[in-house]
Amino acid sequence: MTSAEKRLGAAANFVDERLGAASWVKKSLNKVFPDHWSFMFGEICMYSFIILLLSGTFLTLWFDPSQREVVYEGVYEPLKGITMSAAYASTLDISFEIRGGLLMRQIHHWSANIFMAAIVAHLLRVFFTGAFRKPREFNWILGIILLTLGLVEGLLGYSLPDDLLSGTGLRITAAIVQAIPLVGTYLTFFLFGGAFPGVGFLPRIFTIHILLLPGIFLAVITIHVMLVWYQKHTQFPGPGRTEKNVVGHPILPVYMAKAGGFFFIVFGVTAFLSAVASINPIWLYGPYTPGQISAGSQPDWYMGWLDGLVRMAPPWETHALGHTISWNILIPALIVPGIIFTGMAFYPFIEAWITGDKREHHLLDRPRNVPNRTALGVMSITFVIISLINGGNDILATHFDLSINQIMWFSRISIFILPPIAFVVTKRLCLSLQRADRDLVLHGVETGQLVRMPSGEFVEIHQPISDEKRWILTSHEQPAALELPASDARGVRRPGAIKNKLRVRLSKANAVAIPKVSPGELKEIEHH
Amino acid sequence: MSNEIEAFKDPGTPVHAPRRADVDPRAEKRAEQQVALLFGLSALGSLLLIYSYIWIPDNLFIFIPVMGDQNAHQLFLGLGMAMSLFFLGMAAILWAKKLMPDTEVVNYRHEFRSSDQDREEFVKTVKDGVAGLQFGRRKLIKGSLGASLGLFVLPPVLLLRDLGPLPGKELEKTNWKAGTRLVTDPGDRPILPSDLEVGSVVQVLPEVAHDSHRPLSDIAKDPVLLIRLRPEDFALTPERLAMTHDGIIAFSKICSHMGCAVALYEQQTKHLLCPCHQSTFDVTRAAKVIFGPSARPLPQLDITVDKEGYLIARAAFSEAVGPSFWERNSQ
């Protein structure tokens, strides 16, 4: 034993005698993680969160979250002598007078955007591959919570500098809260410490942004990752991979080196973007004052779809009995997003109810093999993209010389029409892909080699696919539709007839599939 | 459950194929050198960051193709940091991919459900524990516990009461009163009708005592847009026409949808457009909403001139300005 080993051994002994750590650390270090590029989206989320904590901590060292009015006397000439909040002035100081301050602001904002983008990509990966199925429903819900908190945290974050753009965002936020029936006006006054823009809002959201929400984030992310650890990662189907095992690289050393290296790559790319592509140049917007606005006001992209929904809402308000209800705000800003997020959170249970499947699932689905789910996902993406397009309707109108009214009408109509079309088209595409898989298994790959037969006929040689490939294309299940007869064997009507009928119909739609190839079929075709 | 057909046989985990660095010592050496080179680039990046921080002045601009003039201090600080991090990560991954053992390992999963025996014991433990509470027998405790828990949640809510004042009639009030002069924003100068040419737009605020401070919450409600048209351009009810003065019409600048400043005026069409959500108001028809999500016209301010000829408000706004709220009591 070398002396280094001796010293390490002594340290390990010291810890183990007190914590008994050796037995589970040993088990953990042998833990296996399956590899797939799409599993890295979740990693990007976690790494961006760490980058946000680091860069955010740096920014708090100089940021002054105060609405106190000061006269700017810093180095940025165009704003010299202008009255502004201390929050805005200190953001200017961070940008122009603290070396590396602008870089850190850029890193913070860029990584917030990357964080949200990675959450969305991760969510789509988990959705389309069915990774949310039993036993992982809890983790799916935690993920939806993180997505929702991320939206709020992002909004609060870009509101803090108190520039003209972010103040406008807060004006809209205040109007949304104010639109809530019964309590809205009171809530706004309590949140803002008086009539908008109030006196206490910035210091309050600062505490929420840097302490409360990051604390909740940290806790939820920890549970999220611990559950992945405990339940073991899902894996794509492949030779040797079953519902009972997990195939991949062990934590030490390969996974650790790859994951650790990937953290630095994510950080490096974020720093590169921050160095060359400046976003949110708050010094160009000027300080916030409610009487002014800049044309082309846009929220960050992850809020853009909500703003797009608000823009396309019809001008409906109800005035009755001395009260006003603003449907034009409530529907797009609270009711529709509320339904979407609740629906997302419950989706694993809805799907399990339709399929009647109560088993654990650790092998992922290929999206084409679950046409209904895939179509539902594409339908939702279409909905959000149309909303997002409408959220940028002013920018689109000026850049492409279009009429803003026409873009708005396009969005208002297509938000109802295009998502269902997307559903149908995606479902057909999935079935076509299943058909293509079936052909591939039955007839193999076209080689492009033509052979002339003795009879004079030309045929193309097909090469059979490998056993591994055939296994990937045929190992999935093709569940049958549920059968819930309206009456039982003795002719007595079962309770919940309407619910059962709906369930049977959904289950039938869900079970539509191109039959996969069986070995018998393949043998038969080979004899021909 | 599923119409299972006869299945193919699982070919099993593929046999491990050695990489070039596993079999060719020269490839192995080369991989090692590549990893070392990447670590070296990372170190160079850190040095670039230190150099930029200390020696590149923060007012030095350099021309970069495509990007234009860039602040060299900021740029190289960022690039140094990016290099230092990115190549560190690349080195670690290349090391793992080319040199570390790459045989795949199989772990086994176990069902998460506890054994029946564990479950039964769990149920028994919980039942025994709950029985120990003696809820069934101790009605008095049960009742008082309910009351105390019910009241226990109130103080924390009550303690938040002082977050802000009660709204009262605050949202319905502005600083416009009968006789308030209209003054320019910025500049605080009173306005003569002759100051406004036909087609012009001016932002005004209610006059306040000299040098007194306007809180932002007032600026969030008070701004008014003055627009002068030819009197024949108006298509107003007599009542609304009487609120104009000599072709000058005044509207609240605060959008009746979500409170943004309605700042875009199209002279040709005489439309006001809110840049936030594109609600469009027709000035000639008392700011009627002709497009977008807003449900109400912009409130009109009744204006006239005082003895000295300056524009004043003849009355306060007859309705609340800005976005709607539950207590709002007018169409």
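Mentor: Two strands are said to pair if DSSP finds at least two bridges between them. Keep in mind throughout that this is a predicted model.

Trainee: What makes S1(A) and S4(A) a pair?
Mentor: The requirement is at least two bridges, and S1(A) and S4(A) are joined over 2 bridges in the antiparallel sense, so by that definition they pair. Within this arrangement, A:Phe33 stands opposite A:His249 of S4(A).

Trainee: How do you know that S4 of chain A also pairs with S3 of chain B?
Mentor: Strand S4, residues 245–250 of chain A, is linked to S3(B) over 4 bridges, again in the antiparallel sense; since the definition asks for at least two, these strands pair as well.

Trainee: Why are S1 of chain A and S3 of chain B called edge strands?
Mentor: Because each of them pairs on one side only, as the order S1(A)-S4(A)-S3(B) of this open sheet of 3 strands shows.

Trainee: What packs on the sheet, and what does it touch?
Mentor: Helix H10 of chain A, residues 251–276, packs there and touches S1 and S4 of chain A, with its direction at about 75 degrees to that of S4(A).

Trainee: How many residues of chain B are in contact with chain A?
Mentor: There are 80 residues of chain B in contact with 94 residues of chain A, where contact requires C-beta atoms within 7 Å. On the chain B side, H3(B) supplies the largest share, 16 residues, and that side divides into 48 nonpolar, 19 polar and 13 charged residues.

Trainee: Which residues touch the most other members of the largest nonpolar core?
Mentor: In that core of 155 residues they are A:Phe115, B:Ala91 and B:Val262, while helix H3 of chain B, residues 72–98, gives the largest share of the core, 17 residues. Apart from it lies another core of 6 residues, including A:Ala375 and A:Phe423.

Trainee: What does B:Val262 touch, leaving aside residues up to four places away in sequence?
Mentor: Its contacts include B:Lys253, B:Cys255, B:Leu272 and B:Phe281.

Trainee: And what share of chain A is buried?
Mentor: Buried residues make up 39% of its 528 residues, the criterion being 20 or more other C-beta atoms within 10 Å of a residue's own.

How values were computed. Residues are numbered from 1 along each chain as its sequence is written. Chains are lettered from A and ligands numbered from 1 in the order in which they are written. This is a predicted model: local features need pLDDT of at least 70, side-chain atom pairs count only at pLDDT 80 or more; totals for chains, interfaces and linings use all residues. A nonpolar core is a set of buried Ala, Val, Leu, Ile, Met, Phe, Trp, Tyr and Cys residues joined through C-beta atoms within 7 Å. A residue is buried if 20 or more other C-beta atoms lie within 10 Å of its own, exposed if 12 or fewer, and partly exposed in between; C-beta atoms are placed from the backbone. Two residues are in contact if their C-beta atoms, placed from the backbone, lie within 7 Å. Ala, Val, Leu, Ile, Met, Phe, Trp, Tyr, Cys and Pro count as nonpolar, Asp, Glu, Lys and Arg as charged, and the others, Gly among them, as polar. Axes are lines fitted to C-alpha atoms, for helices over the stretch in contact, and angles run from 0 to 180 degrees between N-to-C directions.
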